[in-house]
Amino acid sequence: MRRLSTLSREDKLLIQGLPAFVVLVLAAWVIWRLTADLGDVEARLLTWSNILELTWQHLQIVLICTVLVLALAVPCGVLLTRSRAAFLSPLVTGIANAGQAAPVIGVIVLLALVLGFGLWTAVLALTLYAFLPVLANTVAGLRGVDRGTVEAARGMGMSPTQVLMRVELPVAMPVIMAGARTALVLLVGAAAFATFIDAGGLGLLVQTGIIMFRYSILVSGAILVALLALLVEWAGRVMELLLRPRGLV
Amino acid sequence: MNQTATTEQAGTGAQLELVDVVKQYAGQKAPAVGGLSLTVEPGETVMFVGPSGCGKTTSLKMINRLIEPDSGRILIDGEDITAHDPTRLRRSIGYVIQGGGLLPHMTVADNVGLVPGLLHWERDRTAERVDELLDMVGLDPHVYRDRFPKELSGGQQQRVGVARGLAADPPIVLMDEPFGAVDPITRQRLQDELMSIQEELRKTIVCVTHDIDEAIKLGDRILILQEGAHIAQYDAPETILASPADDFVADFIGSGSKLKQLTLQRVGELGLSHPQTCRVGEPVAEVVPRVEAAGERSVVVLDERDRPREWLFLRTLAQHRTVPAPGHALQTVVDHRSTLSDALDAMLVSSHGGAMVTGARDRYLGVISYDTVTAHIQGLQKEAL
């Protein structure tokens, strides 16, 4: 990977070190699972198939939310930086701020009371929660594009759409991607609450562990969620690296 | 860039006419441009100069409608363009801005090929054109084609900016302080290159600058603007220097306008002297007697392609067996199209009281001496008396 050489030492360490750390901790947990003398409840909850199933559910929630957040927040950010729609800015940023400031557990439960339990209610609540970082970074990234560059592009005869798609968005891409990565990591953590409204995910292990006073289940759930978050963070960084237009530092 | 060339060669430029163009910004009492009317002939280079805030940049940007005029008409070859689609219009007008204004995420080739791409040229044709233009602005296409703007120096970025402005062969090219962001030596070189490009292409060029010397050097005509883009004088540089229309113009071109004539006179128009020359690799034992026989103490060193490489004193040369190839770049070389004021600049760093003059492809033509230039200045002063 030629792009790797352009990174700072910290970034290089993170890109190469994170997966190693995740593998190490996961291996330790697997060894514990294979050798520990588990009780009846633990053995039933911590079967390999059950763990895989819960992890998959967790990932599903995160992926659906990420796609939704990107599909909604980036266009919103683009809209807010167009001079004609600038008046909408306080309203949208207000909603986005409120979405992130409100405790996610509260939003999930309240929405569930109104809309009913299940996956899609969880998705709605989490999408609101992760909306702000992508929106804020899209706006900041687009505002950060040099005015002279934009004017040069217009002066060459690019239409407004071409200026946006071929100049503004590519140049703002690194900043937007950083927001998307933040959103992803927030989502992995917050998706653990989905289990409260019957939407599955690794949160189920944590919740069951607390209710039944089985610490091995609780800790297993916590470790797996943390590892997933780290892995997603890593994937985000790799994506950032691959999607960054060449020519930008 | 004298006007006779226009008649000799059918230029590719178009006529540009502004008729009573007005622009008033919201919240300002006086209009930024209050009724500007002027005509630029095909193939002519017109320089817009004036104090900052005089409306020269606003006037320029109204021509490609980056700024929409409030009223008035702008005609290209007699056709009113204020009703055209601005995006299409801009593709037919070259635009060069300070610092190059290159798109940072695109390669040099993509930047130069931008407008041909927007006009849906075929890929091969665009690639060919890009190489041709890079060559024209003095950048080796094989070396620079795939580089990104941040990998270029300021002067190189500016060259790419000029190439991009010319890419789709537009009849009119607008330049907004094109050489404002580079150092004086690079600026002089870029100006010389632009002049030789223009000699060949005869575009209609409108160029904004705050530098009166640049205006005198590059312009066929100079438009001096006062606040509100009111025309103080619109004339050939010689006329403006010889008879400024009023005190404002006189103040603006500054005192010593006789000295500014140096910016009008080209090195090639003065007599060159021809001191002894030698080749890199020639035995010193043969060179020294020849030079001494001519009664000279120094010799010009040429390489195998007739390019001047160094100007050596015999006592320096005597330390070698054969004429050495120097490594460092020369400062004391001027192009035959350079102005006398550029030549004087170059002489300041020369220890020989002169500068070597080159012609096409950097071939050696001769030497211009300080004495020749001072004699010329004295002649000018006598003329004035």
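Which residues have the most contacts inside the largest nonpolar core? In this predicted model, the largest nonpolar core comprises 126 residues, and L126(A), L187(A) and V206(B) have the most contacts inside it. A nonpolar core is here a set of buried Ala, Val, Leu, Ile, Met, Phe, Trp, Tyr and Cys residues joined through C-beta atoms within 7 Å. A residue counts as buried if 20 or more other C-beta atoms lie within 10 Å of its own, as exposed if 12 or fewer do, and as partly exposed in between, with C-beta atoms placed from the backbone. With 13 residues, α8(A) gives the most to this core. Leaving aside residues up to four places away in sequence, L187(A) touches V62(A), C65(A), T66(A), L126(A) and A130(A); contact requires C-beta atoms, placed from the backbone, within 7 Å. A second, separate core has 23 residues, among them L302(B), L317(B), A343(B) and A346(B).

Residues are numbered from 1 along each chain as its sequence is written, and chains are lettered from A and ligands numbered from 1 in the order in which they are written. As the model is predicted, local features need pLDDT of at least 70 and side-chain atom pairs count only at pLDDT 80 or more, whereas totals for chains, interfaces and linings use all residues.

Chain A contains 10 helices and 0 strands, where helices (H or I, at least four residues) and strands (E, at least two) are DSSP runs numbered from the N terminus. Its C-alpha atoms fill a box of roughly 75 × 50 × 25 Å along the principal axes. Of the 249 residues in chain A, 35% are buried. Among contacts in this chain between residues at least 6 apart in sequence, 75% join residues at least 24 apart. In helix α9 of chain A (residues 203-211), the buried residues are G203(A), L204(A), L205(A), V206(A) and G209(A). Their cover includes α2 (40-45), α3 (48-81) and α10 (215-243) of chain A. F213(A), which follows α9(A), has a positive phi near 55 degrees.

Between the chains, 19 residues of chain A are in contact with 18 residues of chain B. On the chain A side, the elements giving two or more residues are α7 (147-155) and α8 (160-190), and α7(A) gives the most, with 7 residues. This side divides into 10 nonpolar, 6 polar and 3 charged residues; Ala, Val, Leu, Ile, Met, Phe, Trp, Tyr, Cys and Pro count as nonpolar, Asp, Glu, Lys and Arg as charged, and the others, Gly among them, as polar.

Chain B is assigned domain 1 (4-92 + 170-253) and domain 2 (268-380), with bounds from an automatic or database domain assignment. The centres of these two domains of chain B, taken over C-alpha atoms, are separated by 38 Å. Their contact takes 5 residues from domain 1 and 5 residues from domain 2. Helix α9 of chain B (residues 184-201) supplies the largest share of the domain 1 side, 4 residues. That side consists of 1 nonpolar, 2 polar and 2 charged residues.

In helix α2 of chain B (residues 56-63), 8 of the 8 residues are buried, so the helix is largely enclosed by the rest of the structure. R65(B), which follows α2(B), has a positive phi near 55 degrees. An unreviewed UniProt entry places the feature "domain: ABC transporter" at residues 16-252 of chain B. The end C-alpha atoms of that span lie 26 Å apart, and the span is 39% helix and 24% strand.

Methods
Contact = placed C-beta atoms within 7 Å. UniProt positions renumbered as here; feature names shortened; annotations may be inferred.
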